[in-house]
Structures are given as C-alpha cells and as structure tokens.
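Please look over the model below before reading on. The report then walks through its confidence, its sheet and a few backbone details.

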Amino acid sequence: MRRLPALPLLACLLLASCDRAPAPATATTPVPAADAAQTVLAASQRFAALRSFHAELDVRGGPRTVRSAMDFVAPDRFRVETPAGAQIIIGDTLFLQAEGAIRQVPLPAGALEQWRSPLPADADPAALQVEDLGSQSLDGVATRHYRLRSGPGEHLDYWVDDQGLPRQIMRSGTAQDGPYQLRLRYSRFNDPALRVDLP
C-alpha cells in the first residue's frame, strides 16, 4: 500500500522557525458511513475543493511542541504563522521573512498538494485500511473519527463533520528523530474574509 504523505515540509518549516525565535457549527450527529474508506476519501476531495480555510497546527516531536497557524486562499496562497513571524507561500515560492529581509525560496513543484489533499487524489478506497472509531465532539462540533493505517506504528486520523469535511487531521509516526505527531484542526471553511497578500 502507498505510504501516506508525511507532511515533511510543514514540519520542517515550523521546527526550523522555532530555532530562530522564541464560528461554531450546530452539534448534529453525523450518520455513520457504510464505507469508511470512501467517506474519508470523499472528505479529502471536498477539502481540496475549498476556496479558503484556517488551520491550527501542533507539531510534537522530540523534546518540544511547536504551535502555529495557517491560512489558505485559493488557488495557491498560504500564510503560515510561526514563532518567528508570518511566512507567505504563493504558488511554488516561499517568501521567507527573517531579520528584516524577505528572500524568495523556490519550492519543489507539487510540494504543497498534501496541504490541500492529505490523501492522494487517485487513492483507491479498496486499498485503504480505514477503521471507524465512532462519534466524537470537537469544540462542540459533532464528528466521526476514522483511522487510516499506512505502516507499522504509522497512522492518519480523520475527524469528519456532518458536511463531509475534515475538522481535524492527525498524523502519527516515527521519523529520524523519533516519534512525532502532527495535528491540524480546521475552521473558517470558504470564509471570504480570509486574505493572503504578497509581503
């Protein structure tokens, strides 16, 4: 089975920045899906079609936890709020802001696709190992919790709301530095007030 994306670029950006410087939804119960794999894949596809969203990020690995936030505005703009300040990504260019200067750093083509669609667009539901872990409330929003396994000690958890969108995604596994956990909690879906301007 294809390994799930490890979101390495995001984790590296947040952990590196740590070294440099110190609307509620109604709580209706989602209907359990007959096919958990298809539900998770459909949620990933709906998420990829969003025009904007806000995400709160936690990266836990080694002796520290890095907390940050991210805004996305279609078609290709991201703002990542790190402990060192805001970093803007437009297309395949990172506008790296440090020490009062802005440097443009090219990113590999397609490096940000996993931020929009955590599962590959061509993933085969029959090949996904998905477990339905039941209903769970996240900040008063009713969700259903699913777990995808991709290898020994490695899994991706999805919390899907009654609109079929992921409210939280958590990736757990082991990297070179040991165990890690990356959590993204989403809000402000298709909020027209979200903007990501050129720095």
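What follows is a short report on this predicted model.

## Basis and confidence

This is a predicted model, in which local features need pLDDT of at least 70, side-chain atom pairs count only at pLDDT 80 or more, and totals for chains, interfaces and linings use all residues. Residues are numbered from 1 along each chain as its sequence is written, and side-chain values use heavy atoms, with hydrogens and water left out.

pLDDT is the predictor's confidence in each residue, from 0 to 100. The chain averages 81, and 82% of the residues score at least 70. Confidence is highest in β7, at a mean of 94, and lowest in helix α1 (residues 8–20), at 42. Helices (H or I, at least four residues) and strands (E, at least two) are DSSP runs, numbered from the N terminus. Over residues 1–33, pLDDT stays under 50. For that stretch the model has 77 contacts (heavy atoms within 4.5 Å) beyond four places in sequence. Where pLDDT is low, the predicted coordinates should not be read in detail.

## The sheet

Eleven strands form an open sheet with antiparallel pairing. Their order is β6-β5-β4-β3-β2-β1-β11-β10-β9-β8-β7. The edges are β6 (101–106) and β7. Each has a single partner strand, so one side of each is left without a neighbour in the sheet. From one strand to the next, the twist averages 20°. That angle is taken between axes, which are lines fitted to C-alpha atoms (for helices over the stretch in contact), and it runs from 0 to 180 degrees between N-to-C directions.

Two strands pair if DSSP finds at least two bridges between them. Strands β1 (residues 52–61) and β2 pair antiparallel over ten bridges. Among the residues involved, Asp-58 has Arg-67 in β2 as its bridge partner.

Is strand β10 (residues 166–175) largely enclosed or left open? Eight of its ten residues are buried, so the rest of the structure largely encloses β10. Buried means under 20% relative accessible area, exposed over 50%, and partly exposed in between (1.4 Å probe, protein chains only).

On one pairing, β10 runs antiparallel to β9 (residues 154–161) over six bridges. Val-160 has Pro-166 in β10 as its bridge partner. The two strands form a hairpin with four residues between them, and Gly-164 in the turn has a positive phi of about 80°. β10 also runs antiparallel to β11, with eight bridges. There, Thr-174 is partnered by Pro-179 in β11. The hairpin from β10 to β11 passes through two residues.

Most residues other than glycine have a negative phi, and most peptide bonds are trans. Ala-74 and Pro-75 are joined by a cis peptide bond, with omega about 10°. Pro-75 lies in the loop between β2 (64–73) and β3 (77–82).

Asp-139 is not a glycine, yet has a positive phi of about 50°. Asp-139 sits in the loop between β7 (129–138) and β8 (141–151). Its relative accessibility is 63%, so Asp-139 counts as exposed. Arg-188 also has a positive phi, near 55°. Arg-188 belongs to the segment after β11 (178–187) and is partly exposed, at 36%.

## Contacts of Pro-199

Pro-199 is also found in the segment after β11. At 41% relative accessibility, Pro-199 is partly exposed. Beyond its neighbours within four places in sequence, Pro-199 contacts Ile-88, Phe-95, Gln-97 and Ile-102. Ile-88 is 111 residues from Pro-199 in sequence, but their C-alpha atoms are 7.1 Å apart.
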